Every structure is written in structure tokens, then in C-alpha cells.
Amino acid sequence: MEQVLQHFSRNNVYGLYRVGRLEFPMLFLIFLEHILIRLVVDGLPACRDSELFIKDLHFDEVPVRIYLPRVPSANKRRGVIFFHGGCGMFGSIKNLGSSLNRQGACTQSWYHLSPEHKYPAQTLDCLTATVHFLKTAENYGVDPDRIIVCGDSVGGTYTASVCQELVNRRDIPKIRAQVLIYPFLQALNFNLPSYQKNAFTAFLSQERTVLFILKYLNKDCSMKGAILAGSHVPESINLKYKKWINPDLIPEIFKLGYKPPLPTSFSPQVHEATKELFETRFSPLLAEDAVFCRLPDTCIITCEHDVLRDEGFLYKKRLEDNNVKVTWHHMEEGFHCALGFFGYGIFSFPSSSKMVNHIVNFIKAY
């Protein structure tokens, strides 16, 4: 333990935190938090449903769990692929509510987690699992032309990324629709109105978002302040993407109390160390219109009490500007991670149930 503390102290990546008479490097505490969250999530009871046949498989070496209705169907069913949230570092395939699982043959991808598996392993796992399911859908009684891809939080990132990467594939069926549930979609501007409004919200604050990103990418967490301020973005990139990532594009009703951030100086060192943030598989909002115009029908769910709220707004606008059909639901009382509480009785929230109902109704239309 002493050697571990000395290691973090020598690197001095994010200050010290005092607990009683002891001082702990903050990154060490972040590490402990990451492990604790995994233990809690992994300890949650798995979904059980007598109407479903549940089996763990591997799709080209990617672990998946597939849910198949026990009642035979005269026709081929729709297929649903779900990518769980958890910042790419925790989360589980076993806790999706049966309401979603019953919407056809539902496949949940258990992508390999960071930091043990470095980015972009997670996105590539999701892509691999999706392609495999598209190619083998009929083996599970699924119509390959009725497959919907869904994900919450970073699972929404993976959903958006997978759909973008497959727009030019002609050797496999097209994805019919995508569902993005409070997704993370860009890493350029962490001072959008929703980031300011929900800067200290539980589960995912403004600061924690950046810390989780840095930890997910195995980067030095001392860059947190610079990234929050926008010092990682050169002026040329700001100008290029201003037409897509801009507070002026957010509806005025959602900008109450917003204050434009103070100008900041560009840091070439931070930019060089975090170039992954500008990749479209990490920031799907940066994809070109030539990609957006070919995306499938989309359902986007945003939550008022969520730093990522405005990213959903901006993605919705990009899709609509490119004539893609969009269904949007905004949860006034919703918060980040709300979907994860669905199905846990008194621990569930009204917004969780509303969210699931919206998702189910959207899926049923396909």
C-alpha cells in the first residue's frame, strides 16, 4: 500500500485528499471508486424471466448474453442489440429489464472494460458483436432487416459509433433503427449549458465526466482542469466544429443561467496527449454530414438533470438537418443513470419507468 501511495504521490496527478490524519492522492481514490462501483454493479441480481430463454455466448470472442422468447413465433422476430453504460470501465449485461428483453431476440454485449483493455477495444467489441448478429440473425429466428441497436450513456456512444461505422457496409444488412439513451457524444466542449447547470449533479458531475474520460483512456488526470477549460482544442478545430457544437444551437428554454466561459489559452501538450477525443468513434458528433444522412431512424432520450443533456439536443439537430427521422423524449425529472434503476422496486424512479416505456414503444414500431 505504501509503495502504491508513493507512486501516485511522485506523479502528483491530482492533488491530495485528507481522511483523518492520512493524506491520499486523489487519483488513488478515483481508482478505489472505480473498483467499488464494479463491485456494486456486479453484485446486483441478474434478470430472471420465465418467459425468456437466456444463454451466454460469444460472438467472435466478444461475450454476449442473448434473450429469446420461449413462445414460438410464426414469423421472424425483430432483434435488439443493447450496449450497457458505465463509462467503459464498469457495468454489466445482466441487469437489463425484461420489458426490453421481450421485444424480440435481445442481445447484450459484454464488451471488454477499460483500463484492463485499452480504448478503442470497447467500441471495436461492440462493432464486432453487431456485425456477427447481423450476419447470423436468422439462426435466432430474427429478421436481419429488423435489428435495432440501443445503448445508455457510453453505451449510447458505442451505438452511435457502430451505426456510423456501418453506413458504408454493403455485405451485411442495414441497421433498422438506433436508440441513444442520455449518450455521451462529444469531448470538445465541457461548458455547454447542461454542463454548467448540472456541474455538481450526483452520478455524473462536470468534473467527474472529464476524470472518467481520462481514466478510461489511461491518461494523466492532472489534465482535468485544462480539458474542462477547453485548452485541449486548437482554434482551427473550434472553428471547424462551431457549426455543430455551439451553445447557440441549444433552445433558449434550456439556457437559463448560462454564462459563456472565459477565453482560455491552447495547450499543444494537452492536445497531443488527448488526440483520441477528436476521433469520431469517441465523439460521434464530429462525423460529417455524408455519414449523418445515411444513419437509421433514431430515438434519443435526454434528461434534464444530466450534464450530457445538450449533446442529445445537438445530435438530434444534426440528424434532423440531414433528414433522418428522429423521435425525441426529454425527461424533465430524469437524471443520468436513471435507466439503471428500472426494475428495482422501491429503488426505481418514475423517470426510469417512463424511459423504458418510450424505448419499448419505439422498438415496437419496427
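Let me begin with cysteine 163, which is buried, its relative accessible area being 3%, where buried stands for under 20% relative accessible area, exposed for over 50% and partly exposed for what lies in between, computed with a 1.4 Å probe on protein chains only. Before I go on, please keep in mind that this is a predicted model, in which local features need pLDDT of at least 70 and side-chain atom pairs count only at pLDDT 80 or more, while totals for chains, interfaces and linings use all residues. Residues are numbered from 1 along each chain as its sequence is written, and side-chain values use heavy atoms, with hydrogens and water left out.

If we set aside the neighbours within four places in sequence, cysteine 163 is in contact with Ile175, Gln178, Leu295 and Pro296, contact being heavy atoms within 4.5 Å. Valine 149 lies 14 residues from cysteine 163 in sequence, and the two C-alpha atoms are 8.1 Å apart in space.

Turning to the chain as a whole, we have 13 helices and ten strands, and 55% of the 366 residues count as buried. Among contacts with a separation of 6 or more, 74% come from residues 24 or more positions apart.

How many residues of helix α4 are buried? Twelve of its 16 are, so α4 is largely enclosed by the rest of the structure; among them are Asp125, His132 and Phe133. This helix, residues 121-136, reaches 22 Å from its first C-alpha to its last, close to the 22 Å expected at 1.5 Å a residue, the expected span being 1.5 Å times one less than the number of residues.

Now the cores. A nonpolar core is a set of buried Ala, Val, Leu, Ile, Met, Phe, Trp, Tyr and Cys residues joined through side-chain atoms within 4.5 Å. The largest has 77 residues, of which Phe190, Phe282 and Tyr315 touch the most other members. A second, separate core of 25 residues includes Tyr67, Phe82, Tyr182 and Phe335. Beyond its neighbours within four places in sequence, phenylalanine 282 has contacts that include Phe184, Ile213 and Tyr216.

On a 1 Å grid over the protein atoms alone, a cavity is a set of points where a 1.4 Å probe fits but cannot get out, whereas a pocket is an open set with protein on both sides within 12 Å along at least five of seven lines, and lining residues have an atom within 4 Å of a point. Grid points are joined across faces, edges and corners, and a volume is the space filled by probe spheres set on the points.

The structure holds one cavity of 30 Å³ or more, and the largest cavity contains about 210 Å³ of space. Its lining comprises 15 residues, with Cys87, Val154, Phe184, Ile213 and Tyr216 nearest the centre. Helix α7 gives the most to this lining, four residues.

Finally, the second largest pocket has a volume of about 670 Å³ and is lined by 27 residues, of which Asn189, Glu235, Asn238, Ile245 and Pro261 lie nearest its centre.

Methods:
Helices (H or I, at least four residues) and strands (E, at least two) are DSSP runs, numbered from the N terminus.
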